[in-house]
Amino acid sequence: MLPIARSLAAIITTATVLAGCLPMALFASGSGSGYSGVRQDWGTYVASKQVNAFCISPKLRFVIWEFEGRFGKKVVMQSGYRDTAHNNAAGGASNSFHTKCMAADFYIPGVPKDQLIAFARNLPSVGGLGCYPGRNFIHVDVRDRPRGYRGPVTFSGC
């Protein structure tokens, strides 16, 4: 009976955690001119058919939901999972979190990039943040923050 009780407790805990994050993201809008020309891949808007949104770690999925809940709009991924060949072609780092299903480059139509950056800086689950001057998207990853970091590791213009 004890293993059944553990399983039930795990299911209830998972449902409770999801219930806290998911509701606002469910109401996020994916309509408007900013979404024309984008498609969906595994329930996530993607900028092109080369973007792989299938391999997203649960922690990264929660981060995406937090953005969608905060701004009331769906994110559009510019880049998600990359295999080694794709990562090399994109100029990604050899230890890129994109190759580990732990990173996404995205924007939210109609939301200024500086607002996305400010929100990402305050999310405890964002471990890395890239801002890419001249681009409309940001990079977030869910790496563990180095000891003593109160905010995400930042790079590329943040």
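This is a predicted model: local features need pLDDT of at least 70, side-chain atom pairs count only at pLDDT 80 or more; totals for chains, interfaces and linings use all residues.

Residues are numbered from 1 along each chain as its sequence is written, and side-chain values use heavy atoms, with hydrogens and water left out.

The chain has four helices and seven strands, where helices (H or I, at least four residues) and strands (E, at least two) are DSSP runs numbered from the N terminus. Followed along the sequence, these elements give the pattern α-β-β-α-β-α-β-α-β-β-β. Of the 158 residues in the chain, 39% are buried, and buried here means under 20% relative accessible area with a 1.4 Å probe, counting protein chains only. Among the contacts with a separation of 6 or more, 62% are between residues 24 or more positions apart, a contact being heavy atoms within 4.5 Å. The accessible surface comes to about 8900 Å², and 57% of it belongs to carbon and sulfur atoms; such areas come from the Shrake-Rupley method with a 1.4 Å probe.

Now to the strands, which are said to pair if DSSP finds at least two bridges between them. β2 and β3 are parallel and pair over two bridges, whereas β3 and β4 run antiparallel and are joined by three bridges, with Ser 79 standing opposite Asp 105 in β4. β4, residues 103-107, is in turn joined to β6 by four bridges in the antiparallel sense, and there Phe 106 stands opposite Ile 138. β5, residues 128-130, also pairs with β6, antiparallel and over three bridges, and Leu 129 has Val 140 as its bridge partner.

In a regular strand the side chains alternate between the two faces of the sheet. In β6, Ile 138 and Val 140 point one way and His 139 and Asp 141 the other way, and all are buried.

Let me turn to Val 46, which lies in strand β2, residues 44-46. Why does Val 46 count as buried? Val 46 does so because its relative accessibility is 0%. In β3, Val 46 stands opposite Met 77, and its contacts beyond four places in sequence include Val 38, Val 51, Ala 53 and Val 76. The C-alpha atoms of Val 46 and Val 75 are separated by 8.3 Å, although the two are 29 residues apart along the chain.

The second residue is Ser 57, in the loop between β2 and α2. Ser 57 is buried because its relative accessible area is 15%, and, not counting residues up to four places away in sequence, Ser 57 touches Cys 101, Met 102 and Val 142.

Finally, the largest pocket has a volume of about 430 Å³, and of the 20 residues that line this pocket, the closest to its centre are Arg 82, Gly 92, His 98, Asp 105 and Tyr 132. A pocket is defined on a 1 Å grid over the protein atoms alone, as an open set of points where a 1.4 Å probe fits, with protein on both sides within 12 Å along at least five of seven lines, and lining residues have an atom within 4 Å of a point. The volume is the space filled by probe spheres set on the points, which are joined across faces, edges and corners.

Terms used. Buried means under 20% relative accessible area, exposed over 50%, partly exposed in between (1.4 Å probe, protein chains only).
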